[in-house]
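Here is a chain to read with some care, by asking what each label stands on. Please keep the structure in view while you follow the questions and answers.

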Amino acid sequence: MTGQVEVLEARHGAGRELDEEARRLFEQGAQNLEAERFDEALASLRRAYELAPGHAQLRSMLGLAIARAEHDFEQARALCESATKQEFFNPDLYLNLSRVYLEFDRRSEAMRYLRRGQMIDPGHAVITETLFDLGRRRPAVVPFLPRRHPLNRALGSARNLVLNGFGSR
């Protein structure tokens with residue numbers, strides 16, 4: 001019966017608060033990620049995760065660190081997705097998941113998660129800025145052909161030349 005209680009507590013968010021050591025390691029890992037010291041971030045976040053595996057924000061940050069330090073898409077994605085399922089109302093978790101997808105050049109999936117985060121918090125500055133930086137794609141020139149079809153690619157390049165001016169490169 002004790003195992004069932006632990007599972008229920010984990011599902012209902014027990015342990016979301018970090019103890020002092022886990023909080024320190026989490027903050028240290030976040031700072032190292034921001035400073036692009038990925039291996040140091042990963043070490044701190046792994047130690048924090050050992051102390052608080054049920055903390056969604058920590059799990060999400062760990063997933064992003066794994067993507068950037070170890071380039072392990074599956075593990076990074078799984079950690080970030082489990083965090084978004086636990087706290088589906090937290091736009092920062094969708095931002096981290098989108099960053100994992102961007103790390104592996106999976107732009108369309110990243111955009112999808114950025115939009116989900118933006119639906120939760122339309123005023124989220126980082127999500128808005130990231131969406132703006134990624135820009136919006138124009139529709140394919142020949143819509144019944146795949147976007148990557150050589151004809152669509154050639155016509156799309158020609159369209160960009162015309163719309164952006166020939167000499168403005």
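Q: In what order do the elements of the protein chain run from the N terminus on?
A: The order is α-α-α-α-α-α-α-α-α, and the count comes to nine helices and zero strands, where helices (H or I, at least four residues) and strands (E, at least two) are DSSP runs numbered from the N terminus. This is a predicted model, in which local features need pLDDT of at least 70 and side-chain atom pairs count only at pLDDT 80 or more, while totals for chains, interfaces and linings use all residues. Residues are numbered from 1 along each chain as its sequence is written, and side-chain values use heavy atoms, with hydrogens and water left out.

Q: Why is Y101 called buried?
A: Buried means under 20% relative accessible area, exposed means over 50%, and partly exposed lies in between, with a 1.4 Å probe and protein chains only. Y101 has a relative accessible area of 5%, so Y101 is buried, and Y113, at 7%, therefore counts as buried too. Over the whole protein chain of 169 residues, buried residues make up 36%.

Q: Why is the pair of F88 and F89 called edge-to-face?
A: The ring centres of F88 and F89 are 5.7 Å apart and their planes make an angle of 80°, which is over 60, so the pair is edge-to-face. F88, with a relative accessible area of 54%, is exposed, whereas F89, with 45%, is partly exposed.

Q: Which residues make the nonpolar surface patch of about 310 Å²?
A: The patch is made by F88, F89 and I120. I120 is in helix α7, and its relative accessibility of 36% is over 30%, so I120 passes the area condition.

Q: What makes E36 stand out in its phi?
A: Most residues other than glycine have a negative phi. E36, however, has a positive phi of about 60° although it is not a glycine. E36 lies in the loop between α2 and α3, and its relative accessible area of 59% is over 50%, so E36 is exposed.

Q: How do you know that H71 is exposed?
A: The relative accessibility of H71 is 51%, which is over 50%, so H71 counts as exposed. H71 is found in the loop between α4 and α5, and it has a positive phi of about 55° although it is not a glycine.

Terms used:
Phe/Tyr/Trp six-rings, centres within 6.5 Å; stacked < 30°, edge-to-face > 60°. Patch = residues over 30% accessible without salt bridge, like charges linked within 9 Å, V, L, I, M, F, W, Y side chains within 5 Å. Areas by Shrake-Rupley, 256 points an atom, 1.4 Å probe, with all protein chains shown as cover. Salt bridge = Lys/Arg side-chain N within 4 Å of Asp/Glu carboxyl O.
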